[in-house]
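Keep the structure open while you read.

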Amino acid sequence: MTSKWDARFVRLAREVASWSKDRSTRVGAVIVAEDKTPSSYGYNGFPRDIDDDAAERHERPDKYDWTEHAERNAIYNATRTGQTLLNNTIYVTHIPCPDCARAILQVGIKRVVIDQASKGDDDFQQRWDEKGQFSQRMFEEAGVEVAYAEALSEDQIRGE
């Protein structure tokens with residue numbers, strides 16, 4: 001069962017994902033402290049001060065060199081403001097890739113909550129399933145809890 005807080009923060013991660021200019025997959029991440037205070041957020045996109053309107057930069061495979069992932073952007077944004085992420089939870093719209101999983105482990109995040117809806121994204125699953133399985137193995141070995149949650153509306157959370 002999805003807790004009301006997991007549902008809210010997954011929904012917030014979806015909102016953050018909508019800010020991405022990625023033309024194929026928009027990913028969002030929200031990092032939350034143990035007391036339920038949001039610490040940081042990020043979406044997949046180009047680094048600061050890099051022109052993200054240049055069409056050729058959005059084409060595979062080059063776009064992978066131009067684009068930073070949502071999870072690492074959330075971690076970088078937290079470091080810009082001096083926040084610790086130790087024992088925090090990260091809410092993501094899609095399972096993290098191994099690069100992001102390593103970053104999550106290195107900063108001490110202890111829980112990863114993934115949007116349940118991402119399992120229905122066949123295009124993403126086809127491209128990233130093997131990488132997601134690798135990330136899952138790393139999380140398990142490091143003792144990081146992984147959960148899936150639905151992004152419920154406030155009315156659904158309240159049972160209305």
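Contact here means heavy atoms within 4.5 Å. Bear in mind that this is a predicted model.

## Helix α4 and what covers it

Let's start with α4, which spans residues 98-106. Pro98, Cys100, Ala101, Ala103 and Ile104 are its buried residues. An α-helix has 3.6 residues a turn, so residues three or four places apart point the same way.

## The nonpolar cores

The largest nonpolar core has 24 residues, and Ile31, Ile90, Ile104 and Val112 have the most contacts inside it. At least two residues of this core come from each of β1 (28-32), α3, β3, α4, β4 and α5. Another core, of ten residues, lies apart from it; Ala13, Val16, Val30 and Val32 are among its members.

Which residues does isoleucine 104 touch, if you skip its neighbours within four places in sequence? The list runs Glu71, Ile75, Ile90, Pro96, Ile109, Val112 and Phe139.

## A patch on the surface

Now for the outside. Trp19, Tyr41 and Tyr43 make up a nonpolar surface patch, and together they have about 310 Å² of accessible area.

Tyrosine 41 belongs to strand β2, residues 38-43. Why does tyrosine 41 count as partly exposed? Because its relative accessibility is 42%, and partly exposed covers the range between under 20% (buried) and over 50% (exposed).

Note on methods. Residues numbered from 1 in each chain as written. Predicted model: local features only at pLDDT ≥ 70, side-chain atom pairs only at ≥ 80, totals over all residues. Heavy atoms only, no water. Buried < 20%, exposed > 50% of the residue type's maximum accessible area, 1.4 Å probe, protein only. Helix = DSSP H or I, 4+ residues; strand = E, 2+ residues; numbered from the N terminus. Core = buried A, V, L, I, M, F, W, Y, C linked by side-chain atoms within 4.5 Å. Patch = residues over 30% accessible without salt bridge, like charges linked within 9 Å, V, L, I, M, F, W, Y side chains within 5 Å. Areas by Shrake-Rupley, 256 points an atom, 1.4 Å probe, with all protein chains shown as cover. Salt bridge = Lys/Arg side-chain N within 4 Å of Asp/Glu carboxyl O.
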